[in-house]
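Welcome, and please bring up your viewer.

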Amino acid sequence: MSVQSTVPSEFMGDLGYLQPQDISRLMSTVVALGAEVFMLKAELKRLQMTLAQSGAADDKALQLTGEGAAFNAWLAQEQAAFARNLLEPIAAGSNTQ
């Protein structure tokens, strides 16, 4: 099976500059982010259930909003900012070697 990465090729170089304490910090960060994803999923589900139970919005309404131009414009902007904030520290770290 071929696995494709979303990491740009310029960041796929040798990661030998990482020290053991860096690996520990990265794993701590991954665990913390996993917990944050879990909490965000729970909050999203709670809000979806509240919207459905109150009759304010059902799955179809949420789907239509997700397909709308305003949401997609917001998503594109957020995605660019996320990628920039995620990858800049990695690029800066690999350029100092």
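**The whole chain**

Show the chain as a cartoon: it has three helices and zero strands, both taken as DSSP runs numbered from the N terminus (helices are H or I, at least four residues; strands are E, at least two). This is a predicted model, where local features need pLDDT of at least 70 and side-chain atom pairs pLDDT 80 or more, while totals for chains, interfaces and linings use all residues. Residues are numbered from 1 along each chain as its sequence is written, and side-chain values use heavy atoms, leaving out hydrogens and water.

Of the 97 residues, 4% count as buried (under 20% relative accessible area; exposed is over 50%, partly exposed in between, with a 1.4 Å probe and protein chains only).

**Helix H1 and its end**

Select residues 20-54, helix H1. Step just past H1 to Gly55, which takes a positive phi of about 80°.

Next, select Phe71 and Trp74 and show their side chains. How are the planes of this aromatic pair arranged? They are tilted, at 35°, with 5.6 Å centre to centre (rings of Phe, Tyr and Trp, its six-membered ring, pair if their centres lie within 6.5 Å; planes under 30 degrees apart are stacked, over 60 edge-to-face, the rest tilted). Phe71 and Trp74 sit three residues apart in helix H3 (residues 69-95), so about one helical turn separates them. Colour by accessibility to finish: Phe71 is partly exposed at 33%, and Trp74 is partly exposed at 44%.

Note on methods:
Expected span 1.5 Å × (residues − 1).
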